[in-house]
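Here are my notes on this model, for your review. They go point by point, with the sequence and structure shown first.

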Amino acid sequence: MVFILGFNFPESRLVKSALTSFYGIGPRHMQRLMSKLYIHETARVGSLADKQVLDLTAELSNMTIENDLRRKLQDNIRRLRDMGAYRGRRHAMHMPVRGQRTRTQTATAGKLNRVERYG
């Protein structure tokens, strides 16, 4: 098991899937991190050197990911609600926020706006 930023990953797991398992790191950020640290795309977590693991942990600790990013998202939505903006009111009513139609098919937007994004 390899310990990266508070998570244990099995040694057989690909580095790219381990990185994208963090909230806030998608394929693009993963690709940039791996190219910056000279890690091959098919590298496994167990094959990383100790220095690479430390460098990867240092890079991840400088980024806004996981709980910090979730908190930032909740604060942004809370700010919109407190301000009384249109988007904030739509979040509060569990309605589509980005201009989708509401005559039919609003169930998906209602489900998405009920997620713990608005504290």
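1. Is R71 buried, partly exposed or exposed? R71 has a relative accessibility of 46%, so it counts as partly exposed. Bear in mind throughout that this is a predicted model.

2. R71 has a charged partner. Its side chain meets that of D68 in a salt bridge, 3.2 Å from N to O. An α-helix has 3.6 residues a turn, so residues three or four places apart point the same way. D68 is partly exposed because its relative accessibility is 44%, between the 20% and 50% cut-offs.

3. Helix α4 runs over residues 67-83. Its 17 residues reach 24 Å from first C-alpha to last, close to the 24 Å expected at 1.5 Å a residue. Just after α4 comes G84, with a positive phi of about 85°.

4. The count of salt bridges comes to five. One of them joins K36 and E59, with the closest N and O atoms 3.3 Å apart. This pair links distant parts of the chain: K36 sits in helix α2 and E59 in helix α3, 23 residues apart. E59 has 21% relative accessibility and so counts as partly exposed. The cut-off for buried is under 20%.

5. R70 and E66 form another salt bridge, with a closest N to O distance of 3.4 Å. Their exposure classes need a look. R70 is partly exposed, at a relative accessible area of 36%. E66 counts as buried, at 16%.

6. Now take R90, in helix α5 (residues 86-92). R90 is buried yet has no salt bridge. The nearest side chain of opposite charge is D82, and that is 17 Å away. What does the side chain of R90 reach? The backbone oxygen of P96, at 3.0 Å. Leaving aside neighbours within four places in sequence, R90 is in contact with M95, P96, V97, T102 and N113.

7. A92 also lies in helix α5. Its relative accessibility is 37%, so it counts as partly exposed. A92 and R81 are 11 residues apart in sequence; their C-alpha atoms are 7.0 Å apart in space.

8. Helix α3 spans residues 50-62. At 1.5 Å a residue, its 13 residues should span 18 Å; the end C-alpha atoms are 19 Å apart, which agrees. Which residues of α3 are buried? V53, L56 and L60 are. They cover an arc of only 65° around the axis, which puts them on the same side of α3. On the other side, D50, K51, L54 and N62 are exposed. Note that L54 is in the exposed set. What covers the buried residues of α3 includes β1 (2-4), α1 (15-20) and α2 (27-36).

9. Last, F9, in strand β2 (residues 7-9). F9 counts as buried, because its relative accessibility is 4%. Leaving aside neighbours within four places in sequence, its contacts are M1, V2, I4, A18, S21, F22 and V45. How far apart are F9 and V45 in sequence and in space? They are 36 residues apart in sequence and 7.3 Å apart in space, C-alpha to C-alpha.

Note on methods: Residues numbered from 1 in each chain as written. Predicted model: local features only at pLDDT ≥ 70, side-chain atom pairs only at ≥ 80, totals over all residues. Heavy atoms only, no water. Helix = DSSP H or I, 4+ residues; strand = E, 2+ residues; numbered from the N terminus. Expected span 1.5 Å × (residues − 1). Buried < 20%, exposed > 50% of the residue type's maximum accessible area, 1.4 Å probe, protein only. Arc of directions from axis to C-beta. Contact = heavy atoms within 4.5 Å. Lys, Arg positive; Asp, Glu negative; His and termini not counted. Salt bridge = Lys/Arg side-chain N within 4 Å of Asp/Glu carboxyl O. Polar contact = N/O pair within 3.5 Å; in protein donor to acceptor, adjacent residues only side chain to side chain.
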